[in-house]
Amino acid sequence: MGLLSLLILVPVVTAIIMLALPASRPNSFRMFSLVTVSIQLMILGAGWFRYIPDKPGMQLTEHYPWIDVVLRPGERVHADYLLAVDGMSAPLIALSVVVMFIAVLSSFKITNKIKSYFVLLMLLDAAVIGAFTALDLLLFFLFFEFMLLPLYFLVGMWGGSRREYAAVKFFLYTFFGSILILVGIIIIHISFRSPGSADLIHTFNILELQNKSNTIVDSFLDGGRAYSWGPLTARMWVFTLLFVGFAIKLPSVPFHTWLPDAHVEAPTPVSVVLAALVLKVGAYGIIRFTLPIFPGEAAASSTVLGLLAVISIIYGALNAMASKDFKRLIAYSSVSHMGFVLLGVASFNEIGLSGAVFQLVSHGILTTLLFLLAGVLYDRTLDRTISNYSGLSIKMPKYGAIVLVTCMASLGLPAFSGFIAEWLVLTGAFDQTRLPDYVPQWMGFAATFGLLLGAAYFIWTYQRMFLGPFGTKILTTKDQLSDLDRREILMLVPLVLLALLLGIFPQTLLQYINTFASAWSNQVSSYLN
Amino acid sequence: MSPDALLYFAAWLFCVGICLVIVKRNTLLMLVGTELMLNAANVNLVYFNSQGSQPDGAMFAVFVIVVAVCEAAVGLAIMMRAYHFYQTSLPDQISELRERI
Amino acid sequence: MAIRFALFSFMLPFAGALIVTMLPQNSRMAGRLATVFTGAAMLSSILLAFQSWMNPTHIHWPWFQTGITQWSAGILINTGSILMNVLVMFISFCVHLYSISYMKNERMQVSYYGRLGIFTGSMTGIVFSSSLIQLFLFWELVSFSSFLLIGYWSENPRAVRAATSAFFMNQIGDLLMLSGIVLIGIDKGTLDLSELGGQGTIAVSAGLLLLAGIMAKSAQIPFLTWLTNAMEGPTPVSALIHAATMVAAGIYFIIRIHLLMPAEVLLVASLIGCITGLVGGLGALISYDLKRILAFSTISQLGFMLIGATAGTSGAAMLHLYTHAIFKALLFLSAGVIIHQTHEQDIRKIGQVKSPFLTIPLLLGAASMIGLPLTAGFISKETIIESLHNGWPLWSAQAVTLLTTVYSARLIYFLLANSSWPTPAVKPDALMTVPIAILSAGCLWISVSWSPFDFSGALMKSLDEIHHFQPGMMTYVTLGLTISSAAAAFLWFRRQSTVPGFSGEEDNFGLDVLYRNLGYRPLMGLSMVAYWTDHRLINPVIHFIAYVQVAWALFTGWIDKFVVDGIITAITEIIIVSGDSLRLFTRGKIQSYILWAFLMLVIFIIWIIA
């Protein structure tokens, strides 16, 4: 069994074992989960040594046939169990494992229905990592869908006061997106074949799907035939289906309103996983599946994508500014930051794409920090209203310092990872030399304006909550606002250091991304020409 | 007395017995009805015995009387037990095995 | 070796900050430890100066790359950066020394020195950066640490607001500059300063964007409000970052890249320098707050430097940057002593300062600012004036000089000759006297040139090897103007303390209100619109879709219940009814059983007989 299967299997096995344990001993579930994520960390370490950053293409591949149905003689439906990583998924898997570790640590605060909580969390862990490793479209979709279920319960059962609303909204939104993706996948599936076989084998393998010579002649997606349904060609329709499906998860304005509700209502660790990993799956789907299969369509609509990205950046930032709840502000800042990912993708060049992937990792780290920090306050006072606090850094100096550093890192202060990502995305967006007119230059300036708004809401919030004379509008006992304890520091400081490391030595991450980005841009540009 | 009259009497007696068994709500009277029906049979047996040469009809009649006695004894005993157990002697109210609708 | 000294002076302040932060919050050791580290950094900067003065070194490493595009980071040592580094370290050391006494009663010693350390290190980073992206990194870090330092008294809402607005103003400039740097990178394919040097000037748009960053950092109009508001911070901080180093970073940067700037941008820059110089001078002239006077005067001097850097020669501007840093830091530190001991910032209410430990430094600083002969300021100011050839920059520079003279005279009058208010008992203690004395010595001509009347004496010769400046016609005109106007102003303020016809410096000539109405309010409005859109536009659509879904589900549920289920129910009802009717025979009554049995028997017999 390969490392990747192991990585997925370990939490599943833990979940099954935990189901068999009696619910009366809560600590056993905590310990089991902690051991599981630690094992995952070790597997990650082993993978780190096995993975060669400079080698282009997929590595650590595990390939077994999975489904093979004969439709009629000479025509088969085929799906593989195909797991592999490359320069984009490797950092995301590393991020997932680390964030899951942090999420389990921060889940120690959960006290009710612990057994089912940790079982669901472990299932979510497996599904997220599965989605990042699967290269078979069907397998990916399986994992993609499987993330929904644990999340629905985790938000709906352990959430805040409006948890049912948030959970149902989240489920309906993302399920709608999944249906669009499913329709797209089916059309893709019937239009592509595996090469090198006399039989007509319909394939789900993304490595085969991204080669346009594998399109079945006269199928819906045959570019030469140009089927059109209504105003758009069939290819454009399917591209739109997939894009919108993933854009809901991303989320891009105007498909984003599930996000603030779900993030605000979810318990801290679930918010962390949602923002740091689940959103990334949407972006991953766009970069891995949507664009390589439909590069021409993506290029043709990249101005629209760029526009969506810019709207997300500015609109998310404005909404964050208007938020009264600290956690809601963070949720909207995610909308804004994920807009940079979309902008990097839309700019359609190597630098922009590297920036998008870098931003995925960077945002994963920083948003984890932000949500953990919001959780710290909520744990103490059960209240996150910004206007209820002022001068917190006097009572909680360590907390104030880490919040400041995190806010600064999130608003793109250099020396932190966010800056490198923004730098690359902006360079990609402004770069008009290679492929002209994809993203107009004003969008680059608009994104810069979004950064300014980011600075405004972060610094303004910090000013309102942490500076000035101390005061709260809610009753607090004397030791209620205690400073960070050791467990919290253990969770927070390594993440800050990680963001700092990636900001000062970005090449540690970029060496992975670069091989992917250059392969991607070669492949896409060969398709375009 | 013509032989037909005797048979008619026996039939009448049987009818009275069966009517008692079917109509009366009291177990005691149902038991009485049973006795009447047995006796109606006895009358028939005695009459038919007198028509033949051998005394087998009379033998049967004696048997029937014995059986009737036994039956009465057992029946009364059951009745007493049932009365003790259910505090009633009305068969309609003894409905332990009856299906409830 | 040179690189190692540069690295030392860059790393030591950061290391100091890190180590100081490990100490308990109110540790007495913090100040001394931080001072030792800064002193070591200063030492290595001086060693660097000895090592590679007039011996430019450039070293750079790849920092990160994607595809074929590579961004480098490195160290670019030339005369300008060595001088700037020494200056930064020197002022920082003085301020550290001064702070040990000035801040000794503060609760958060450790954060104070930690923040100072981060600032000093970042500033060195700007000084040595060899590529624009690396420079931008430290540029932003300087904004950040300045935010920390202005907001040091975080319980004072005014200080907090000043810190936030300073950060935000700088962020506006920084982000414009960032897009400028991105455009340059795309246009030229490199961001390394020495490689850019060989490629001609940059595009005008990129140049203007860079200029915006420079303007924000150097508090040029229209960004100047953050600097005056930043006076809410501790006075040593004002001396370090709002007089000598951070605000000078913009000027330093434009001096470093002025060869890359297209002529149009330089023209715009000098125009802005003129306006800023005049507005700042005016503000200093009408303000009554000691620190705000100094802040406005800094703004005015920065405008003056910008004129010099863009319309004159960069060497002259660098020279003035150097002298200005020294005399302005001196003035701030002296003012700090007064404020620290009288808790009064209104110059009318301070009274006559008598202690020679203060009067001599104040006089020296003011003289240097005015540009009286035998001071360093005289040489640098006159060099700038000499380097200006054409019309309006020269005349506006003269006007700025005139304003400087008048407000300096006013300041000196109120601090040293105002007998209408009781004399305060102010006297610096030893730890404060040392840096003040060192800086006072720095105000003399000797720190710039061997001969007080040879402009291209020691320092200028290295800064500008092409031009040679000597006192000329313009020098004497300026000198005459300065001395006469200083005397006239001094006499005027003896009789009358105000300048008639001007007011409004308290809200920075209405700029605060303007920004509130043009920046803050529309932004809040927009954010409310966004909020409204989310809650009143997008969510209702989602809810509507959900309701339609629910209604549809209810409808199909009704169909299920009453149509599909109805048929099934009807069938079962028929079966039940027929079953019940059959059950009539078996009601559990013995007698009815008997009756039926009997009847059947009768029927059977009848059937047999028949």
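User: What radius of gyration does chain B have, and what would a compact globule of 101 residues have?

Analyst: In this predicted model, chain B has a radius of gyration of 17 Å, whereas a compact globule of 101 residues would have one near 13 Å. The radius is taken over C-alpha atoms, and the globule rule is 2.2 Å times the number of residues to the power 0.38. The C-alpha atoms of chain B fill a box of roughly 55 × 25 × 20 Å along the principal axes. Residues are numbered from 1 along each chain as its sequence is written, chains are lettered from A in the order in which they are written, and local features need pLDDT of at least 70, side-chain atom pairs count only at pLDDT 80 or more, and totals for chains, interfaces and linings use all residues.

User: Which elements make up chain B, and how many of its residues are buried, as a percentage?

Analyst: Chain B has three helices and zero strands, running α-α-α from the N terminus on, where helices (H or I, at least four residues) and strands (E, at least two) are DSSP runs numbered from the N terminus. Buried residues make up 11% of the 101 residues in chain B; a residue is buried if 20 or more other C-beta atoms, placed from the backbone, lie within 10 Å of its own, exposed if 12 or fewer, and partly exposed in between.

User: Why is chain C called more spread out than a compact globule?

Analyst: Chain C, which has 22 helices and two strands, has a radius of gyration of 39 Å, well over the 25 Å that the globule rule gives for 610 residues, so chain C is more spread out than a compact globule. Its C-alpha trace spans about 160 × 65 × 50 Å along the principal axes, while 54% of the 610 residues of chain C count as buried.

User: Which chains have the most contacts between them, and what does chain C give to that contact?

Analyst: Among the two pairs of chains that touch, chains A and C have the most contacts, two residues being in contact if their C-beta atoms, placed from the backbone, lie within 7 Å. The contact takes 38 residues from chain C and 45 residues from chain A. On the side of chain C that touches chain A, α6(C) gives the most, with 14 residues, and the residues of that side divide into 24 nonpolar, eleven polar and three charged. Here Ala, Val, Leu, Ile, Met, Phe, Trp, Tyr, Cys and Pro count as nonpolar, Asp, Glu, Lys and Arg as charged, and the others, Gly among them, as polar. Chain A and chain B, by contrast, do not touch, their nearest C-alpha atoms being 44 Å apart.

User: What makes Phe348(A) count as buried or exposed?

Analyst: Phe348(A) has 26 C-beta neighbours inside 10 Å, and therefore counts as buried. Phe348(A) lies in the loop between α13 (326-346) and α14 (350-381) of chain A, and has a positive phi of about 65 degrees although it is not a glycine. Most residues other than glycine have a negative phi.
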